[in-house]
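Please look at the sequence and the model before reading on.

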Amino acid sequence: MKYSILQKFVAGIIIISGLSSCDDREIITVDTQAAPVLMDLSKSSLVLDSNFPSNPALTISWKSAQTSVPIELKYDLEISSTQTFTSSKVLASTNQSATVLSFTVKDLNEAAKSIGLVAYQPQKMYFRVKSMTTSNQLSQVSNITDLMLTPYLASPTYTYSDLFLIGSAAVGNWDNLATNNTLLPLLKTSSANVYTYTGLFKSGTDLGFKIIKVKGSWDAQFGFGSAGVLSTSGGSGNLTVPEEGYYKLTVDTVALTYSLVKIPNPTTTYTTVSLFGTSTGSTDIQLTKSAFDPHSWSASKVTLKEGAFKFRANNSSAVNWGTNSEFYGVGALGGADIPVSAEWQYDVYFNDVSGNYTFIPVK
């Protein structure tokens with residue numbers, strides 16, 4: 001009994017001592033003292049050359065922000081087309097208190113596009129630096145400086161990954177060349193890993209197809225693994241259909257699954273299909289009919305202006321397809337204009353059975 005009382009007494013002393021030591025701890029407050037200063041741009045004016053996109057173009061450095069207690073800071077380098085920074089973009093960020101950044105010609109040109117600077121005209125790009133702690137506290141903003149910049153025409157912002165059909169059963173050949181424009185892209189969907197394709201597939205001895213990611217390369221391919229299952233092995237089998245006809249192919253590149261659903265054969269065949277609208281200068285740009293599938297159309301390196309267009313049959317608006325979706329979509333008969341946000345050269349693909357279309361910026 002006495003031992004138990006002694007234990008409780010000692011424990012109480014330890015607890016009281018602990019509370020006393022907690023009361024003696026110092027609370028440290030960190031305050032801002034001086035905002036970062038944008039010290040130097042390696043150039044005051046710059047004309048960007050599209051022939052040398054990877055060349056070094058600009059280095060930016062600044063003086064560290066000051067706080068009452070030394071702590072690690074991170075920085076956002078912001079750009080704007082106006083000195084008020086009412087609409088700004090973060091060009092790059094640093095951590096571990098780094099205070100210098102360098103950019104290539106292409107980096108700056110894409111940055112100029114993102115804030116609305118016009119190609120081939122000298123304009124001011126404004127810079128400032130924002131500092132903060134690693135937990136996004138104690139934000140401070142530097143002074144503003146500017147660069148007189150002349151950008152070139154920037155490529156459209158295209159963030160999608162494409163898949164292409166290849167093979168004797170799907171496009172009529174196995175010619176895996178980067179310049180082979182008969183290889184057809186699958187239609188992207190709202191799910192980044194799900195793709196579809198609707199068109200003619202043929203069957204027969206030695207007729208099959210596969211799916212590749214990059215024209216001209218077999219490094220990333222999808223072939224037959226087992227019924228309904230894709231294989232990414234270079235030694236995978238060819239995908240096939242049981243009989244010739246029109247099918248809707250659906251693939252999932254994450255689940256590695258596929259399905260082929262037969263659809264009715266089309267009953268209408270068109271003589272021509274073209275692009276027409278403000279993006280074409282209100283002139284028909286003719287597509288080429290596939291020698292393999294008469295309902296598949298394409299054109300390479302077509303120049304489209306900023307604006308909109310539709311696909312139309314027989315150079316007449318009596319039959320036309322469109323929808324309000326840039327780069328890819330399912331064109332409906334008599335649907336909305338298809339938007340084009342940037343003038344550029346595109347590879348264009350269209351299927352008049354499904355209305356599926358894709359246009360990919362040419363690099």
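In which strand does Thr-196 lie? Thr-196 is part of strand 15. The model is a predicted one. In this model Thr-196 has a relative accessibility of 10%, which is under the 20% limit, so Thr-196 counts as buried. Leaving aside residues up to four places away in sequence, Thr-196 touches Leu-186, Leu-187, Thr-189, Lys-248, Leu-249, Thr-250 and Asn-356.

**Cavities**

Rolling a probe the size of a water molecule over the atoms shows where empty space is left. Searching the whole structure gives two cavities of 30 Å³ or more. The largest cavity has a volume of about 130 Å³. Its lining consists of Leu-184, Pro-185, Leu-187, Tyr-197, Thr-198, Ser-296, Tyr-349, Phe-350, Asn-351, Asn-356, Tyr-357 and Thr-358. Strand 13 (184–185), strand 15 (194–201), strand 30 and strand 31 are the elements that each give two or more residues to this lining. Leu-187 and Asn-356, which line the largest cavity, are also among the residues that Thr-196 touches. Sorted by class, the lining of the largest cavity has seven nonpolar and five polar residues, and no charged ones.

**Pockets**

| Pocket | Volume | Lining residues | Classes in the lining |
|---|---|---|---|
| Largest pocket | About 1000 Å³ | 34 residues | 16 nonpolar, nine polar, nine charged |
| Second largest pocket | About 280 Å³ | 15 residues | nine nonpolar, three polar, three charged |

In the largest pocket, the lining residues that lie nearest the centre are Tyr-158, Ile-360, Pro-361, Val-362 and Lys-363. Two or more lining residues come from each of helix 2 (105–114), strand 24 (296–304), strand 30 (344–351) and strand 31 (356–361). Which element gives the most to the lining of the largest pocket? Helix 2 does, with five residues.

For the second largest pocket, the lining residues closest to the centre are Lys-113, Leu-117, Leu-153, Ala-154 and Ala-342.

**Aromatic rings**

The structure holds 18 aromatic pairs. One of them joins Tyr-158 and Tyr-160, with ring centres 5.2 Å apart and planes at 75°; this angle is over 60 degrees, so the pair is edge-to-face. Tyr-160 has a relative accessible area of 34%, which lies between the limits of 20% and 50%, so Tyr-160 counts as partly exposed.

Tyr-346 and Phe-359 form another edge-to-face pair, at 5.5 Å centre to centre and with 75° between the planes. Tyr-346 is in strand 30 and Phe-359 in strand 31, 13 residues apart, and their pair links distant parts of the chain. Are Tyr-346 and Phe-359 buried or exposed? Both Tyr-346 and Phe-359 are buried.

**Charges over rings**

Two contacts between a charged residue and a ring complete the account. Lys-202 lies over the face of Phe-292, at 4.8 Å from the ring centre. Arg-312 has its charged end over the ring of Phe-276, at 3.7 Å from the centre of that ring.

Key. Residues numbered from 1 in each chain as written. Predicted model: local features only at pLDDT ≥ 70, side-chain atom pairs only at ≥ 80, totals over all residues. Heavy atoms only, no water. 1 Å grid on protein atoms, 1.4 Å probe; cavity = no way out; pocket = protein on both sides within 12 Å on 5 of 7 lines; lining within 4 Å. Points joined across faces, edges and corners; volume = space filled by probe spheres on them. Helix = DSSP H or I, 4+ residues; strand = E, 2+ residues; numbered from the N terminus. Nonpolar A, V, L, I, M, F, W, Y, C, P; charged D, E, K, R; others polar. Phe/Tyr/Trp six-rings, centres within 6.5 Å; stacked < 30°, edge-to-face > 60°. Buried < 20%, exposed > 50% of the residue type's maximum accessible area, 1.4 Å probe, protein only. Lys NZ or Arg CZ within 6 Å of the ring centre and 35° of its normal. Contact = heavy atoms within 4.5 Å.
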